[in-house]
Amino acid sequence: MTNFTFNTIGLFISDNEKMVEFYRDIMGFTTDWNGEEPNVMMRHGDMWLIMFPRKAFEQMTGQEYTYPKGLNGTVELAFHVPIFKDVDAEYNRAVSMGAQSVFTPHTMPWGQRTCYIADPEGNLIEIHSFTQN
């Protein structure tokens, strides 16, 4: 058995400024990023989102990597809200603030209300609830 806690997601990105604005202003993360350092640390409750420029990461590791283009179907960041109507409200709020709509709110056959938006670099974000009222 391991003795660690999972609490951080890392994204390799192209545009720190756009991504910080999105996750701070739309998704509610906090940060003390100074606008100059390549490494960005953002916090939302007990979770951390770290972002690092792709080119700087390649320089640091001495390797080239391939990255998805457009909507990124390899990972999602999932955000839980208390009840179904909150899924719709958060989806509408995020889209009105500039998030890209991917999948409007739907109630799925397994009892989950869910929707998807995308951040400026195409990473998928799910907003969901399993509680109707």
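Author: Lys and Arg count as positive, Asp and Glu as negative; His and the chain ends are not counted. A charge is placed at NZ of Lys, CZ of Arg, CG of Asp or CD of Glu. In this protein, the mean positions of the 9 positive and 17 negative charges are 4 Å apart.

Reader: What kind of model is this?

Author: It is a predicted model: local features need pLDDT of at least 70, side-chain atom pairs count only at pLDDT 80 or more, and totals for chains, interfaces and linings use all residues. Residues are numbered from 1 along each chain as its sequence is written, and side-chain values use heavy atoms, with hydrogens and water left out.

Reader: How many helices and strands does the protein have?

Author: Elements are DSSP runs numbered from the N terminus: helices are H or I with at least four residues, strands are E with at least two. This protein has three helices and eight strands. From the N terminus, they run β-α-β-β-β-α-β-α-β-β-β. The C-alpha trace spans about 50 × 40 × 30 Å along its principal axes.

Reader: What percentage of the residues is buried?

Author: Buried means under 20% relative accessible area, exposed over 50%, partly exposed in between (1.4 Å probe, protein chains only). Of the 133 residues here, 37% are buried. For the surface, areas come from the Shrake-Rupley method with a 1.4 Å probe; for residues, only the protein chains shown count as cover. The protein exposes about 8,400 Å². Carbon and sulfur atoms supply 53% of that area.

Reader: Among contacts between residues at least 6 apart in sequence, what percentage joins residues at least 24 apart?

Author: Contact means heavy atoms within 4.5 Å. In that set of contacts, 53% join residues at least 24 apart.

Reader: Now the sheets. In what order do the strands of the sheet with β5 stand?

Author: Strands of a sheet pair through backbone hydrogen bonds, either parallel or antiparallel. Two strands count as paired if DSSP finds at least two bridges between them. Here an open sheet of four strands has the order β5-β8-β7-β6, with mixed pairing. β5 (72–80) and β6 (100–107) each have a single partner strand, so one side of each is left without a neighbour in the sheet. The twist averages 20° from one strand to the next.

Reader: Do β5 and β8 run parallel or antiparallel?

Author: Parallel. Six bridges join β5 to β8 (residues 123–129). Asn72 stands opposite Asn123 in β8.

Reader: Which strands do helices α1 and α3 touch?

Author: Axes are lines fitted to C-alpha atoms, for helices over the stretch in contact; angles run from 0 to 180 degrees between N-to-C directions. Helix α1 (residues 16–26) packs on the sheet, touching β5, β7 (113–118) and β8. Its direction makes about 5° with that of β8. Helix α3 (residues 84–96) also packs on the sheet, touching β6, β7 and β8. The direction of α3 makes about 15° with that of β7.

Reader: How many bridges join β6 to β7?

Author: Five, and the two strands run antiparallel. Gln100 stands opposite Ala118 in β7. The two strands form a hairpin with five residues between them. Gly111 in the turn has a positive phi of about 95°.

Reader: Is Phe103 buried or partly exposed?

Author: Phe103 lies in β6. Its relative accessibility is 30%, so Phe103 counts as partly exposed. Setting aside residues up to four places away in sequence, Phe103 touches Tyr91, Met108, Thr114, Cys115 and Tyr116. Phe103 and Glu126 are 23 residues apart in sequence and 9.1 Å apart, C-alpha to C-alpha.

Reader: Which residues does Ser101 contact?

Author: Ser101 is also found in β6. Beyond its neighbours within four places in sequence, Ser101 contacts Tyr91, Val95 and Tyr116. At 35% relative accessibility, Ser101 counts as partly exposed.

Reader: What is the strand order in the sheet with β1?

Author: This open sheet of four strands runs β1-β4-β3-β2, with mixed pairing. β1 (8–13) and β2 (30–31) stand at the edges. Each has a single partner strand, so one side of each is left without a neighbour in the sheet. Five bridges join β3 (residues 40–44) to β4 (residues 47–53), which run antiparallel. Val40 stands opposite Met51 in β4.

Reader: Which strands does helix α2 lie across?

Author: Helix α2 (residues 54–61) lies across β1 and β4, running at about 80° to β4.

Reader: Where does Phe12 lie?

Author: In β1. Phe12 is partly exposed, with a relative accessible area of 36%. Neighbours within four places in sequence aside, Phe12 is in contact with Phe52, Arg54, Phe57, Tyr67 and Glu121. Phe12 and Phe57 are 45 residues apart along the chain, with their C-alpha atoms separated by 7.7 Å.
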